[in-house]
Amino acid sequence: MDIPITRSILLISLLLVLSLIGPSFARPNTNADSDDLVTNVCKKHENPGFCIDALKSDPRANTDDLKVLANISLELATFNATGTKVKIHSLLLASRDPVLTDHLNKCADSYDIAVYYLGSAQESLKSGDYLDLQVLAAGAADMASDCENTFKGPPPYPSPLSTDNSNTWLLGEITVVITNLLGVDGQ
Ligand SMILES: *[C@@H]1O[C@H](CO)[C@@H](O)[C@H](O)[C@H]1NC(C)=O
Ligand SMILES: *[C@@H]1O[C@H](CO)[C@@H](O)[C@H](O)[C@H]1NC(C)=O
């Protein structure tokens with residue numbers, strides 16, 4: 001009986017030590033539910049709060065499948081980019097300023113490309129080509145950034161699309177983060 005008692009004392013001491021070190025050591029894996037997948041993904045995003053809010057706006061985010069999260073992020077980015085495209089066209093119709101019109105025309109081109117990239121990215125996700133998926137999602141994010149930079153000039157003009165460009169950029173970057181976790185680098 002000596003050995004089991006010694007062992008259980010050791011175990012109890014070990015658990016005590018572990019609980020002093022920190023909850024993550026004392027309770028390994030018990031929190032590995034889907035909430036943690038979104039949290040773990042979003043920890044690697046430049047704006048974790050935005051990332052969590054965006055992914056959790058979709059009930060399918062309650063998953064342990066990264067591909068489902070990639071799908072959600074692509075759908076959100078596509079929805080945003082398409083909405084921004086529509087907004088650009090209505091701003092173009094209303095514009096009486098040649099500088100604004102010029103910048104908006106450049107943005108219309110950028111967003112045509114962004115929407116095209118995001119459509120191709122859906123195909124890459126379906127076929128499991130995560131490197132293509134990453135390049136296309138990063139490319140779409142860059143298009144939003146290009147649009148924003150256009151307004152910095154020359155000549156400069158206050159951007160009417162800052163929020164939209166920021167949203168599209170940040171949503172594209174969620175897909176980029178997910179593709180890193182899916183193993184683009186062969187990790
Ligand atoms: C764009 O994304 C943001 C953040 O997820 C969201 O609040 C907004 O409603 C979206 N807009 C469109 C047009 O999808
Ligand atoms: C994303 O999810 C929708 C709805 O579940 C599905 O129809 C679509 O095929 C999915 N797309 C990809 C690329 O997996």
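Some ground rules come first. Residues are counted from 1 along each chain as its sequence is written, while chains get letters from A and ligands get numbers from 1 in the order in which they are written. Since the model is predicted, local features need pLDDT of at least 70 and side-chain atom pairs count only at pLDDT 80 or more, whereas totals for chains, interfaces and linings use all residues.

Helices here are DSSP runs of H or I with at least four residues, strands are runs of E with at least two, and numbering starts at the N terminus. Of the 187 residues in the protein chain, 32% are buried (20 or more other C-beta atoms within 10 Å of the residue's own; 12 or fewer is exposed, anything in between is partly exposed, and C-beta atoms are placed from the backbone). Among contacts with a separation of 6 or more, 66% join residues 24 or more positions apart; a contact means C-beta atoms, placed from the backbone, within 7 Å.

Helix H5 (residues 66-94) turns up in both helix pairs described here. With helix H6 (residues 98-127), H5 packs at an angle of about 155 degrees, the axes being 9 Å apart. Axes are lines fitted to C-alpha atoms, for helices over the stretch in contact, and angles between N-to-C directions run from 0 to 180 degrees. That angle makes H5 roughly antiparallel to H6 (the label for over 145 degrees; under 35 is roughly parallel, 65 to 115 roughly perpendicular, and the rest oblique). The H5 and H6 crossing is left-handed, meaning the near helix is turned anticlockwise from the far one by less than a right angle, with clockwise being right-handed. Residues in this contact of H5 with H6 split into 16 nonpolar, seven polar and two charged. Nonpolar covers Ala, Val, Leu, Ile, Met, Phe, Trp, Tyr, Cys and Pro, charged covers Asp, Glu, Lys and Arg, and the others, Gly among them, are polar.

With H8, H5 packs at about 160 degrees, again with axes 9 Å apart. H5 is therefore roughly antiparallel to H8, and this crossing is left-handed too. Among the residues making the contact are Leu 66, Leu 69 and Ala 70 of H5, along with Leu 171, Ile 174 and Ile 178 of H8. By class, the contact of H5 with H8 has twelve nonpolar, seven polar and two charged residues.

Next come the ligands. Around ligand 1 sit Ala 54, Leu 76, Phe 79, Asn 80, Gly 83 and Asn 167, where being around a ligand means having a C-beta atom, placed from the backbone, within 6 Å of it. H5 gives the most to this shell, with four residues, and the shell has three nonpolar, three polar and no charged residues. Ligand 2 has Asn 71, Gln 122, Leu 125 and Lys 126 around it. Here H6 gives the most, with three residues.

Asp 65 sits in the loop between helix H4 (48-56) and H5, and counts as exposed because it has 11 C-beta neighbours inside 10 Å. Most peptide bonds are trans. The one from Gly 153 to Pro 154, however, is cis, with omega near 5 degrees, and the one from Pro 154 to Pro 155 is cis with omega near -10 degrees.

Note on methods
Two residues are in contact if their C-beta atoms, placed from the backbone, lie within 7 Å.
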